[in-house]
Amino acid sequence: MSDASGRSSDSGAGRTPLPPARRQNVFFPLLAAFGGLFAVTILAMLAATAGDPQAPPSRFFRAYGTPLIVVETVLLVALAVMALVIDRRQSLAARSSAEGGGAATEGTPDSAPPQAAAPDQTSQRGEAEA
């Protein structure tokens, strides 16, 4: 329901609370921006090939098109890797702080509690020898 001001009169009951705010990963917006630039560059190269070969865009892309695409591709891959690495580190840090544990260790993707220890194999061998 809405009141006269157009605001909802629902007090928020039944809504799930928002998770605590995390630091923004700056590489995801950069990745989106450079992905858009890459798409525009590809479309401009395609449009330049359909036009007059002596037009300035056609000459530019003929001279610099391949290096431009290579640089943009390398930049996109580097930004994607950095975004994923930072996101993973932030997720592990958030998970470890939510569990009340220490800092997440590098190389352990899941910080699950230790499993119950397997029966001691040396005692099994000793029983078999006896």
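Biologist: How many helices and strands in the secondary structure of this chain?
Modeller: Three helices and zero strands, where helices are DSSP runs of H or I with at least four residues, strands are runs of E with at least two, and both are numbered from the N terminus. This is a predicted model, so local features need pLDDT of at least 70 and side-chain atom pairs count only at pLDDT 80 or more, while totals for chains, interfaces and linings use all residues. Residues are numbered from 1 along each chain as its sequence is written, and side-chain values use heavy atoms, without hydrogens or water.

Biologist: What share of the residues is buried?
Modeller: 11% of the 130 residues. Buried means under 20% relative accessible area, exposed over 50%, and partly exposed in between, with a 1.4 Å probe and protein chains only.

Biologist: Aromatics next. How many pairs?
Modeller: Two. Rings of Phe, Tyr and Trp (its six-membered ring) pair if their centres lie within 6.5 Å; planes under 30 degrees apart are stacked, over 60 edge-to-face, the rest tilted. F60 and F61 have ring centres 5.4 Å apart and planes at 70°, so that pair is edge-to-face. F60 and Y64 have centres 5.3 Å apart and planes at 45°, so that pair is tilted. F60, F61 and Y64 form one cluster.

Biologist: Is F61 buried or exposed?
Modeller: F61 is buried, at 16% relative accessibility. F60 is partly exposed at 40%.

Biologist: And where is A78?
Modeller: In helix α2, residues 56-98. A78 is partly exposed, at 38% relative accessible area. Its C-alpha lies 9.2 Å from that of L31, 47 residues away in sequence.
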